[in-house]
Amino acid sequence: MKQSKIQPTIEDDRTGVSVATLVRAIKDNLFYVQGKFSATATRNDVYLAVAYTVRDRLLRRWIDSIETYMKDDVRLVCYLSAEFLMGPHLHNNLLNLDLFEPMRKAVASYGVKLEDLIEQEEEPGLGNGGLGRLAACYIDSLSSLQIPAIGYGIRYEYGIFDQKIQDGWQVEITDKWLHLGNPWELHRPERTYEVKYGGYTEAWEDDQGCFRVRWVPNRVVMGVAYDTPILGYKVNCADLLRLWSAQAPESFDFQDFNVGDYMGAVQEKVDSENITKVLYPNDEPEQGKRLRLQQQYFFVSCSLQDMISIQLGFGGSLDDFHKRFAGQLNDTHPSIAVAELMRLLVDEHDMGWDQAWNITRHTFAYTNHTLLPEALETWSLPLFKSVLPRHLEIIYEINRHFLDEVRIRYPDDNERLARMSLIDEAGEKSVRMANLACVGSHAVNGVAELHTRLLTANIMRDFDEFYPGKFSNKTNGVTPRRWMVLSNPRLSALITEKIGDGWITDLNKLRRLEDFVDDANFRFRWHKVKLENKREQAAFALERAGVELNPESLFDVQVKRLHEYKRQHLNVLHIITLYNRIRQNPDIDIVPRTFVFGGKAAPGYFTAKLIIKLITSVGDVVNNDPDVRGRLKVVFVPNFNVKLGHRVYPMADLSEQISTAGLEASGTGNMKFSMNGALTIGTLDGANIEIREEVGEENFFLFGLTAQEVADCRARGYRPGEYYEDNEALRSVLDLIGGGHFSHGDVNLFSPLVDELQYKDQYMLLADYQSYIDCQDKVGEAWRDQDLWTRMSILNVARIGKFSSDRSIQEYCQDIWKVHPVSVAASG
């Protein structure tokens, strides 16, 4: 009997994962999608071919997910955020697909390194910092935990500006992140919705005699969807990031063109597309405020219309809208959603007010991210009415019903009514968006225990009293996939060797590292990993910027958005203090330190930009003073972003979290540093408090006033000049700056900073100065004992499990959204 031959398995080129299949798939995408072949392909061509190859494998899982959700009739989380700072996609998707090594071998056949293709990817700058990065971590965790979700935001044509440093000053350059295309997104022209602006409203009665309102806009813009699948870590679940781009209903007017008005022929296209042209326009001028309000309403309206379309497309009723969707408002930017959902249900779908209000309040939950009053958005009534006349009417009606409830609970308390009203009647009347979000949501949360406590004790106290149980805390977290596994492969490999890889999806398992803290060999290898990371980045800095860094020095790092309350200039005061010690005694025994700064200042924020100039100017002097002899080095990393974060967090020895206590809502950079083995010097602010509780106070360098002490000091009448007069070291530092030592003799350049500190000091640097210096001296002493430092580093990582975004999302799911994981089976 003749034996049949076993036929080899041939993988589908769209979904296969073997090296041979990946090579074929890359070749096909290069040829059929891009019209190139190997001899003519640039590095970007190969990157695109690899990206399309990876995307094919994402799409299979995404379609499987959608089919599962439709069949199982699931509840969807809809995360509305004006920012999604996703970071580069290629490396993250390879990690989640477990394809990194096969792809490395596949691209080698094209004579390129996978690391070079990862570096080739243009980062989407669709966020300003922590808010957008948090949203990105959360959608990563949602998909990794297999929670059905859609992230809704804006597809900005130009993202957060690229930062260059010229003569020590920040210069903003347009972020053209789309100039070479975006292979990860899918254009969805069939998902297009009308968004109205301006005009007026008309009241009328329908056939049943019911009061109705018709909005007659003077402008209509179209919102078009662009979809990006977001795959979870080693699961088949892929959630959706849907971003909206603005287009004109008619992009070209033939009549204007035919009469010679060539600019007029395309004017509507230009005006419409401006809405999603740039992330956060300068809102100092009136036109900037108008555009920002238009942006926020644009993406909210598109998103809610899309959610209604999904509900009806699933065969559902709008009566059950709140049962289908859990809508999360990420800060106040999307809070206009409360009024917009009411408008859509009442005006467009003829629902009664009471039913629509019940659905709206049970759909939304609101996350507050700030304690700064200026960040709780308000819009002047004339501006708001001119952009959204119907919504102002709806807000007035919501306010009328709400204040009637408040009057019943608190009769004759007019001050409370004024504080809680959705309309601020003092001075120029305005709409209070945070109040609207509170009233229109079934749950409100802060993002760190201190933040939530201060939120309910101060700016939201009235609402917390009025709505018992509505407020809760959900401490922020970050994804360990990107911020450990992807960015710190050496440390991740060492951890996995010791405790297995279960920690990647359950960060609390890092606790098992405590079993090895007394193992001398393990401590040696841990220290070696950190040193190798520092050497790698020192080589990168030398190659890219010609800057020499000493990897053996203490890498003291502060990378975050530039703001006075974050107190980058307090860090500078410490640097100058050390510099003065060297000037006074050039042979002093001082711990070598490399100070690394990074972060962007808002284009219109003069003081923040002046702080950057101070950092670079101090660096110019300190780095070139022969007496310093390389013991101090000051480096400002331009254009800090997610990509650079991959490099910076793993190399840091010391994490600077030195904001004025009571002003930082949470912070997430503090978590990323600790996850990568850096020790923290910080105040009792934001999530610092919880990090210190988790890692142990003996493994955290604490300094400064508490939030209560800050408040008490201000109440007594804070006089910073007394600190200046009484502290000789501080006086010497400020006099050196003010005297022109770091500005080529120009005594005027930094006088705004020096004068602010001496005569006002809003963020209390001088009050915290000596405590900070003393604490930094303790840091230096601890660094001299490298074995002790390594122990502290290991314990920081071992005890950081609470700060995974997986934990945060699980708390949202359980306490607020009431959703559960949905397993997606692999097809085929």
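What percentage of the 828 residues of the chain count as buried? In this predicted model, the buried share is 59%. The chain contains 33 helices and 22 strands. Its radius of gyration is 28 Å, close to the 28 Å that the globule rule gives for 828 residues, so the chain is as compact as a globular protein of that length. Along the principal axes, the C-alpha trace spans about 100 × 90 × 65 Å.

Contacts and surface were considered next. Among the contacts in the chain with a separation of 6 or more, 76% involve residues 24 or more positions apart. The chain exposes about 33,400 Å², and carbon and sulfur atoms supply 49% of this area.

Strands of a sheet pair through backbone hydrogen bonds, either parallel or antiparallel.

The partner of E19 is strand E18 (residues 593–598), to which it is joined in parallel by 6 bridges. Within this pair, threonine 594 stands opposite lysine 633 of E19.

Elsewhere in the parallel sheet, strand E20 (residues 654–657) and strand E21 (residues 679–682) run parallel and are joined by 4 bridges. Leucine 654 stands opposite leucine 679 in E21, while serine 655 has threonine 680 of E21 as its bridge partner. In a regular strand the side chains alternate between the two faces of the sheet. For E21, both faces are covered: Leu679 and Ile681 are buried on one side, and Thr680 and Gly682 are buried on the other.

Serine 659 is found in the loop between E20 and helix H25 (669–675). The relative accessibility of serine 659 is 6%, and because buried means under 20% relative accessible area, serine 659 counts as buried. Leaving aside residues up to four places away in sequence, serine 659 touches Tyr565, Lys566, Arg567, Glu664, Thr683 and Asp685.

E12 pairs with strand E14 (residues 430–432) in the antiparallel sense over 3 bridges, and serine 380 stands opposite serine 430 in E14.

Most residues other than glycine have a negative phi, and most peptide bonds are trans. Lysine 234, although not a glycine, has a positive phi of about 50°. This lysine lies in the loop between strand E8 (219–231) and strand E9 (238–247). With a relative accessible area of 45%, lysine 234 is partly exposed. Aspartate 412 also has a positive phi, near 65°, in a residue other than glycine. The loop that holds aspartate 412 lies between helix H14 (389–409) and helix H15 (414–420). Its relative accessible area is 78%, and aspartate 412 is exposed.

A further residue, arginine 490, has its place in helix H20 (residues 489–499). Arginine 490 is partly exposed, with a relative accessible area of 31%. Residues up to four places away in sequence being excluded, arginine 490 touches Val529, Glu532, Asn533 and Glu536. Arginine 490 and proline 189 are separated by 301 residues in sequence and by 44 Å in space, C-alpha to C-alpha.

Notes
Residues are numbered from 1 along each chain as its sequence is written. This is a predicted model: local features need pLDDT of at least 70, side-chain atom pairs count only at pLDDT 80 or more; totals for chains, interfaces and linings use all residues. Side-chain values use heavy atoms; hydrogens and water are left out. Helices (H or I, at least four residues) and strands (E, at least two) are DSSP runs, numbered from the N terminus. The radius of gyration is taken over C-alpha atoms; the globule rule is 2.2 Å times the number of residues to the power 0.38. Buried means under 20% relative accessible area, exposed over 50%, partly exposed in between (1.4 Å probe, protein chains only). Contact means heavy atoms within 4.5 Å. Accessible areas come from the Shrake-Rupley method with a 1.4 Å probe; for residues, only the protein chains shown count as cover. Two strands pair if DSSP finds at least two bridges between them.
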